[in-house]
Each structure stands twice: as C-alpha cells, then as structure tokens.
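The following report is meant for a reader who is meeting this structure for the first time.

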Amino acid sequence: MDTNRRLPDFISANIEPILLAWDDFARTIEPPALTMNDADLRDHARLMLGAFADDIRTAQSDEERIAKSKGLARRSHQDTPAEIHAQQRLRSGYTVVQLISEYRALRASVLMLWSAQAQGRNASMDLADITRFNEAVDQAVAESVARYERLVKQSQNMFLAILGHDLRNPLGTLIMGSTFIMQGLDLLPKYVLVATRMFNSAKRMDKLVNDLVDFTRTHLGRGIPISPRTENLGAVCEQVVNELRTFHPDRVLELNAPPSLSSFFDASRIAQVLSNLIGNALQYGSSDAPVRIDVAGNDDDVFLAVNNHGPVIPPEKTASIFDPLVRLSGARDSAPRDRMSLGIGLFIAREIVHAHGGSVEVQSNITDGTTFTVTLPRKQKTGLRSTDP
C-alpha cells in the first residue's frame, strides 16, 4: 500500500483498498445492498473519493471551510456526485438512514487505512488534512440528504395528487347514487335515512379529497388556480352557511352579512375558504356556543370573520396554525377529535386567500374567543393570478 504523506494523495493512490473496505460494510445494508453487484455498490463512491481529494488540495478561506462543515458550500449548477449517489440509492430502495451510514463507512474506511500509515508523517499537516476531509464529507452528506428529501417529497406529492384525482370519480358516483335514492318517493324511511348518511359521508370525503388535491398542487409548484369575477359575496356566504347548518343541525351558526356585497373573487374558492374556517370553528369550538360569521366591506376591501368560543390558541402556536399537517404532527398528545383532521384545511384556506391577493389572520383570547379574519381586495388587483383549474 502506498505511503504518501498527504491525505489527498493517499486517497487518490489507494482508492481500491478504500473501496474494498467500504464494500464490506455496504453489503451489510439490507435489503438493497445484497441485491446489487460490486459495480453498483461502488457507483459513485469512487467519484466522491476523487472529489474529496481535490477538495483537500484546493485552498480555501476560513469562511469557506466553515460553510462546508455546515453543508453550505457554494456549488455549480451541475449535479454533484453526492446528489447523483442519493438519487441512485433512492431508486434502489435505500432509506435516508442507510444512505448516511454509507458516508459514515466511507469516512471510517479512509481514516482507518490512513491512520495505519501514520509513521513518518507531519502531525500538523496530518490534522489539517483530516479536518478538511471531514468538512468535505459533511458537505457531501448535506447534498445527498437534500437531494434525497426533495425527491421523496416529489414522489409523495405526485402519489397524493394521483390518488386524489382517481378518488373523485367513485365519490361522484356515490354522491349521485345516494342523491337519487334520497329523492325516491316509494322507499321506506329507513332506506332514505341510510342514503342520507351515505350522501353526508361522501360529501365529507369529497371535501377531504379536494383539500388533498389542492395541497399537492401547492407542493408541486403549481399553486391553487382561481377564476375570479364580480360576484355577490353576501349570497355566497349565505349559501355556505345554510349548507353547513344542514350538516350540523345541532350547532348554531349566526351569519351577519349584507344581502348584497359585490366583489371580485372566485366564488367556489372563497366558499371553500369559508367552509374550511367554519368547519374548523365547529370542530374546535365549544359545542354550546354559537359560531358567528361576520361579513363586511369598504371601498377597497371586503372582510370575512369567523368566531368561536373554546380553548384559546396559545400565542406561540398562532404563527404556525396555518402550516400544513401541524395538528397531525402533534396528534399523539391531542384530543381524539384533533386526530380526525389532517390539518390542511387552514393551509388551503390561506393559499386561496393569498392567490386572491388577500390575507388571513387569527386572534385568540379568553374574552373574545378565537377569530379568523380574511381580508380580500374588493376590486381586481393588478397582477392577480387568474387561471382555470
């Protein structure tokens, strides 16, 4: 084995022994590694070792070295060997833990073989090279994990988008069929009751599917499409509230809205916003207190406010209340009703409001309860995105 004095020269001259030691570890990773040949196991390890050696030889400032140790080094527009390696490992079925363990093994393979050749080397330069080597490995780990995570999110979002799309047809059939049965005049009441329950359940599922499709749209970079036009906001709000009164006959919904309030908006999307906000109020508000919906406007803006009384939202949580899946992440410690929601309704509402050029805020205290307030421009806003679904 070569006894070069500098670590980068040692790596370049001893790639094969290093890869042999690394192969032994890689084959312990199950199940993917045992189904791959030696060429696949070494696919990008050789390129990464070469990149590590080149990096150590390259002069760097203290700022550049610190950035590299944090995985924040500058990079070109081309994919790095670490990014390509992560993509290949994902396709082979590796988990992110297995991916990181490969880097740990590669680091150990180099340093163990290098330490075995310690005699006659400059200790100061030896330590500097090892530090630079660790910084280069840390940067490669950061690049691999970032690429792996991005690809996983893309595949998950694509799967959810396809799933939501494919569920719409059978749900539509179920809604149509149950509606037909409900309208039957020669059926026994018990069959009409079952059809009504089927219809209500299908409508709730349809709402969840629509939220899921919108959620994946935002994460695939397409955003939520809107088709705004001049509409009567008061009429839209009254329709939504009446529908929710039908679905929740045991709850009190108080609507305070002018009979006519013209504004420029997508009626179906704003109805979705109001439905999500009222649904949230019904789910988390006190069952013995009414949910109040106030609609108003001035020359420039229109306002929708949904208020309920119940548990106060802690100030530290109001900033993240609109983030997707926040409730799901904390479901273990939450009440049973909290665990029934994916926590994307408020996120979808915020994205729709933002697409209109508006804003949504929440205030919560013991005296006034919890109030979500939506502000929308009353007239067409310059640069407002208007696209068909």
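## The chain as a whole

Among the contacts in the protein chain with a separation of 6 or more, 75% are accounted for by residues 24 or more positions apart. The model is a predicted one, and the protein chain in it has 14 helices and seven strands. Of the 389 residues in the protein chain, 41% are buried, while the accessible surface of the chain comes to about 21,300 Å², with 56% of that area belonging to carbon and sulfur atoms.

## Strand β5 and its partners

How many of the eight residues of strand β5 are buried? Strand β5, which covers residues 301-308, has six buried residues among its eight, and it is therefore largely enclosed by the rest of the structure. Strand β4 (residues 291-297) pairs with β5 in the antiparallel sense over six bridges, and the two are joined by a hairpin of three residues. Within this pairing, V295 stands opposite L304 in β5.

Strand β5 is also joined to strand β7 (residues 369-377), with which it runs antiparallel, by eight bridges. Here V306 stands opposite F372 in β7, and F372 returns below as a member of an aromatic pair with F322.

## Aromatic rings

A pair of aromatic rings is described by the distance of the centres and the angle of the planes. The count of aromatic pairs in this model comes to three, and two of these are set out here.

| Pair | Distance of centres | Angle of planes | Arrangement |
|---|---|---|---|
| F10 and W114 | 5.2 Å | 55° | tilted |
| F322 and F372 | 5.8 Å | 85° | edge-to-face |

The planes of F10 and W114 stand at 55°, so this pair counts as tilted. The pair links distant parts of the chain, since F10 belongs to helix α1 (residues 7-13) and W114 to helix α7 (residues 96-115), 104 residues apart. F10 has a relative accessible area of 0% and is therefore buried, and W114, with a relative accessible area of 1%, is buried as well.

The planes of F322 and F372 stand at 85°, and the pair is therefore edge-to-face. This pair, too, links distant parts of the chain: F322 sits in the loop between α12 (315-318) and α13 (326-329), whereas F372 is in strand β7, 50 residues away. Both F322 and F372 are buried.

A ring also takes part in another kind of arrangement, in which the charged end of R89 sits over the ring of Y94 at 4.8 Å from its centre.

## Selected residues in helices

Leaving aside residues up to four places away in sequence, N276 touches K207, D211, G345, I348 and A349.

Q239, found in helix α10 (residues 233-247), has a relative accessible area of 49% and so is partly exposed. The C-alpha atom of Q239 is separated by 8.5 Å from that of A271, although the two residues are 32 residues apart along the chain.

A128 lies in helix α8, which spans residues 123-182, and with a relative accessible area of 38% A128 is partly exposed. A128 and I56 are 72 residues apart in sequence, and their C-alpha atoms are 9.2 Å apart in space.

## Confidence in the model

Which elements of the protein chain have the lowest and the highest mean pLDDT? The lowest value among the elements, 47, belongs to α13, and the highest, 96, to β5, the strand that is largely enclosed by the rest of the structure. For the protein chain, the mean pLDDT is 81, and 84% of the residues reach 70 or more.

There are stretches where pLDDT stays under 50, among them residues 328-334, for which the model has four contacts beyond four places in sequence. Residues 336-341 also stay under 50, and for these the model has eleven contacts beyond four places in sequence. Where pLDDT is low, the predicted coordinates should not be read in detail.

Definitions and conventions
Residues numbered from 1 in each chain as written. Predicted model: local features only at pLDDT ≥ 70, side-chain atom pairs only at ≥ 80, totals over all residues. Heavy atoms only, no water. Helix = DSSP H or I, 4+ residues; strand = E, 2+ residues; numbered from the N terminus. Buried < 20%, exposed > 50% of the residue type's maximum accessible area, 1.4 Å probe, protein only. Contact = heavy atoms within 4.5 Å. Areas by Shrake-Rupley, 256 points an atom, 1.4 Å probe, with all protein chains shown as cover. Pairing = 2+ DSSP bridges. Phe/Tyr/Trp six-rings, centres within 6.5 Å; stacked < 30°, edge-to-face > 60°. Lys NZ or Arg CZ within 6 Å of the ring centre and 35° of its normal. pLDDT = per-residue confidence, 0-100.
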